[in-house]
Amino acid sequence: MTKIYYIEDDEAIAEIVKEYLEKKGYSVSVLRTLEDGKKGFMRQVPALALIDWNLPDGAGDALLRWVRSRWKEVPVIFLTVRNDTCDIVSGFEDGADDYVVKPFELEVLYSRIRALLRRTKETAGRYLSCGLISVDKSGMAVFYQGEEVSVSLTEYQILLLLMMNKGKTVTRERLLSQVWDQNGSYVNDNTLTVTIKRKSIWAAEGFFGMRRRMRFQDCRTRFIRL
């Protein structure tokens, strides 16, 4: 189901939009603040985001710039009462794909969402998220708390396989059979052991090597103990 975030502090408007879009087959998460919006993106990158400009803890354009600095392809629509030409121009310059002024017709919003998702249909499946870790499959990049981190090719391949099988058990044999380097050289048993046990993949508080990273809340991939 296509995931949409709606960052909006007006509960009445948020619930109306959420109910309407969910009847159309979307999964909608309402996030009330700028900070909640950031946390939502760090947990899972949505297929599309709707952002209000005036939020309790900041401006929607600041959130948009934050999103664009990390996920350039995620479609974003501004939903706001701000209808001045300078605000609309600023919204597009900050990276908005569309700009809808309140009040608006739900049918029109739905049509705009559909049109935007048609043009960006590959974006929805581009990112995998697991707790605070996300992987950009197209860019072969790894992010922790929204910040890109450096990993080796082997580390990336192992992490990608585990995240693609979140909630399942991945055996050591499967890791060995599916993880290859760019030249087609087989990753041997010793290389796998060293990669999984490395404690310096990311210097992040509370995480000590890939094995423990894959066991925090909302990330339940399991594999045979090394």
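K24 lies over the face of Y110, at 4.9 Å from the ring centre. A charge counts as sitting over a ring if NZ of Lys or CZ of Arg is within 6 Å of the ring centre and within 35 degrees of the ring normal. The model is predicted, so local features need pLDDT of at least 70, side-chain atom pairs count only at pLDDT 80 or more, and totals for chains, interfaces and linings use all residues. Residues are numbered from 1 along each chain as its sequence is written, and side-chain values use heavy atoms, with hydrogens and water left out.

The protein has nine helices and 13 strands. Helices (H or I, at least four residues) and strands (E, at least two) are DSSP runs, numbered from the N terminus. Of the 226 residues, 51% count as buried. Buried means under 20% relative accessible area, exposed means over 50%, and partly exposed lies in between (1.4 Å probe, protein chains only). The accessible surface comes to about 11,500 Å². Carbon and sulfur atoms hold 47% of that surface. These areas come from the Shrake-Rupley method with a 1.4 Å probe; for residues, only the protein chains shown count as cover. Among contacts with a separation of 6 or more, 59% join residues 24 or more positions apart. Contact means heavy atoms within 4.5 Å.

Five strands form an open sheet with parallel pairing, in the order 2-1-3-6-7. Two strands pair if DSSP finds at least two bridges between them. Strand 2 and strand 7 (98-101) are the edge strands, and each pairs on one side only. Neighbouring strands are turned by 20° against each other on average, direction ignored. Three bridges join strand 3 to strand 6. In strand 6, I77 is the bridge partner of L50.

Two helices lie across strands of this sheet. Helix 1 (residues 11-23) lies across strand 1, strand 2 and strand 3, at about 170° to strand 2. Helix 3 lies across strand 1, strand 3 and strand 6, at about 175° to strand 6. Axes are lines fitted to C-alpha atoms, for helices over the stretch in contact, and angles run from 0 to 180 degrees between N-to-C directions.

Helix 2 has the buried residues L34, G37, G40, F41 and M42. Their cover includes strand 1 (3-7), strand 2 (27-31), strand 3 (48-51) and helix 3.

The structure holds nine aromatic pairs. Rings of Phe, Tyr and Trp (its six-membered ring) pair if their centres lie within 6.5 Å; planes under 30 degrees apart count as stacked, over 60 as edge-to-face and the rest as tilted. The rings of F41 and W71 are stacked, because their centres are 5.4 Å apart and their planes stand at 25°. This pair links distant parts of the chain, 30 residues apart. F41 belongs to helix 2 (residues 34-43), and W71 to the loop between helix 3 (60-68) and strand 6 (76-80). F41 is buried at 0% relative accessible area, and W71 is buried at 0% too. W66 and W71 make an edge-to-face pair, because their ring centres are 5.5 Å apart and their planes stand at 70°. W66 is buried, at 12% relative accessibility. Y5, F41, W66 and W71 form one aromatic cluster.

An open sheet of four strands has the order 8-9-10-11, with antiparallel pairing. Its edge strands are strand 8 (127-130) and strand 11 (147-149). The twist averages 30° from one strand to the next. Three bridges join strand 10 (residues 141-144) to strand 11. F143 stands opposite E148 in strand 11.
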